[in-house]
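Here are my notes on the model you sent, as numbered points. Please read them with the structure open.

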Amino acid sequence: MKTYHQLTHHERYLIGVMRTQKSTVVQMADRLGRHRSTIYREVQRNKSTYDGHYGVDKAHSNALARLRRCRRGPQYSHQE
């Protein structure tokens, strides 16, 4: 069984680039070696409600903020 790892800033950057290239979620997932549902959730969670644009830096800062609010404690580290 694979273990779960948070998306890195570089992976989020690549998602942003591939979205501008009109890549499908399946293509993005294959290229990043992630499951398609991971990519789909990331994009849905962090796209702008105004224009549907996926902002890489905003997505990463939101992820770090969610990590800081996590109640699991400091034993879970994050990747930057």
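1. The buried residues of α3 are covered by elements that include α1, α2 and α4. The residues in question are Thr38, Ile39, Glu42, Val43 and Asn46. They lie on the same side of α3, because the arc they cover around the axis is only 125°. The model is a predicted one, and what follows should be read with that in mind.

2. Beyond its neighbours within four places in sequence, Val43 is in contact with Ile15, Arg19 and Tyr54. Val43 also belongs to the largest nonpolar core.

3. That core has 11 residues: Leu7, Ile15, Met18, Met28, Ala29, Leu32, Ile39, Val43, Tyr54, Val56 and Ala59. Two or more residues each come from α1 (9-20), α2 (25-32), α3 (36-46) and α4 (56-69). Which element gives the largest share of the core? It is α2, with three residues.

4. The buried residues of α2 are Met28, Ala29 and Leu32. Down the axis of α2 these residues fall within an arc of 100°, so they line one face of the helix.

5. How do α2 and α3 pack, and at what angle? The angle is about 115°, and the axes are 8 Å apart. The crossing of α2 past α3 is right-handed. On the α2 side the contact involves Val25, Val26, Met28, Ala29 and Leu32, and these meet Arg36, Ile39 and Tyr40 in α3. Sorted by class, this contact has seven nonpolar residues, one charged residue and no polar ones.

6. Two backbone positions deserve a look. Lys22 sits in the loop between α1 and α2, and its phi is positive, near 65°, in a residue other than glycine. Most residues other than glycine have a negative phi. Lys22 counts as exposed because its relative accessibility is 72%, and the cut-off for exposed is over 50%.

7. Is Tyr13 buried, exposed or partly exposed? Tyr13 is in helix α1 and has a relative accessibility of 44%, so it counts as partly exposed. The range for that class lies between the 20% and 50% limits. Tyr13 and Tyr54 are 41 residues apart along the chain, and their C-alpha atoms are separated by 9.8 Å. Tyr54 is a member of the largest nonpolar core.

8. For the chain as a whole, the secondary structure comes to four helices and zero strands, in the order α-α-α-α from the N terminus on. The chain has 80 residues, and 30% of them are buried. Taking the contacts between residues at least 6 apart in sequence, 43% join residues at least 24 apart.

Notes
Residues numbered from 1 in each chain as written. Predicted model: local features only at pLDDT ≥ 70, side-chain atom pairs only at ≥ 80, totals over all residues. Heavy atoms only, no water. Core = buried A, V, L, I, M, F, W, Y, C linked by side-chain atoms within 4.5 Å. Buried < 20%, exposed > 50% of the residue type's maximum accessible area, 1.4 Å probe, protein only. Contact = heavy atoms within 4.5 Å. Axes fitted to C-alpha atoms, helices over the stretch in contact; angles between N-to-C directions. Left-handed = near helix turned anticlockwise from the far one by under 90°. Nonpolar A, V, L, I, M, F, W, Y, C, P; charged D, E, K, R; others polar. Arc of directions from axis to C-beta.
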